Amino acid sequence: MADNNVELKVSGMTCMHCEMHVKQELTALDGVSSVDVELKPGAQSIVRVELDGDVSDAALREAVDEAGGYTVESITR
């Protein structure tokens, strides 16, 4: 995975509405250029974030939580 890409495994996402909220919160962060979600209802969804700046793991976790209380299970950089 390139240095400017981060992969989050997120639990609690069940529908396109969940996906939309997570995308909105993450793209609102300074340093995030794009977000792609592989929705897996009933399992951990995969959220790929492309960065064009420095974004901390804590900021990514907080944005996902703000989107609707979803939980970031792991972050791979």
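Predicted model: local features only at pLDDT ≥ 70, side-chain atom pairs only at ≥ 80, totals over all residues.
Of the 77 residues in the protein, 34% are buried.

## Overall fold

The protein is built from 2 helices and 4 strands, and when these elements are read from the N terminus on, their order is β-α-β-β-α-β. The radius of gyration is 11 Å, close to the 11 Å that the globule rule gives for 77 residues, so the protein is as compact as a globular protein of that length.

Taken along the principal axes, the box filled by the C-alpha atoms of the protein is roughly 30 × 20 × 20 Å.

## The cysteines

How many disulfides does the count come to? The count comes to 0 disulfides, under a rule that asks for a pair of cysteine sulfur atoms within 2.5 Å. For Cys15, the closest cysteine sulfur is that of Cys18, and because the two sulfurs are 3.6 Å apart, they are too far from each other for a bond. Seen from Cys18, the closest cysteine sulfur is in turn that of Cys15, at 3.6 Å, which is again too far for a bond.

The surroundings of these two residues can also be described. Cys15 is partly exposed, because its relative accessible area is 29%, whereas Cys18 has a relative accessibility of 7% and therefore counts as buried.

Where in the chain is Pro41 found? Pro41 belongs to the loop between β2 (32-38) and β3 (45-51), and with a relative accessibility of 52% Pro41 counts as exposed.

Pro41 and Cys15 are 26 residues apart along the chain, and their C-alpha atoms are separated by 6.9 Å. When the neighbours of Pro41 within four places in sequence are left aside, Pro41 is in contact with Met13 and Thr14.

Terms used. Residues numbered from 1 in each chain as written. Heavy atoms only, no water. Buried < 20%, exposed > 50% of the residue type's maximum accessible area, 1.4 Å probe, protein only. Rg over C-alpha atoms; globule rule 2.2 N^0.38 Å. Contact = heavy atoms within 4.5 Å.
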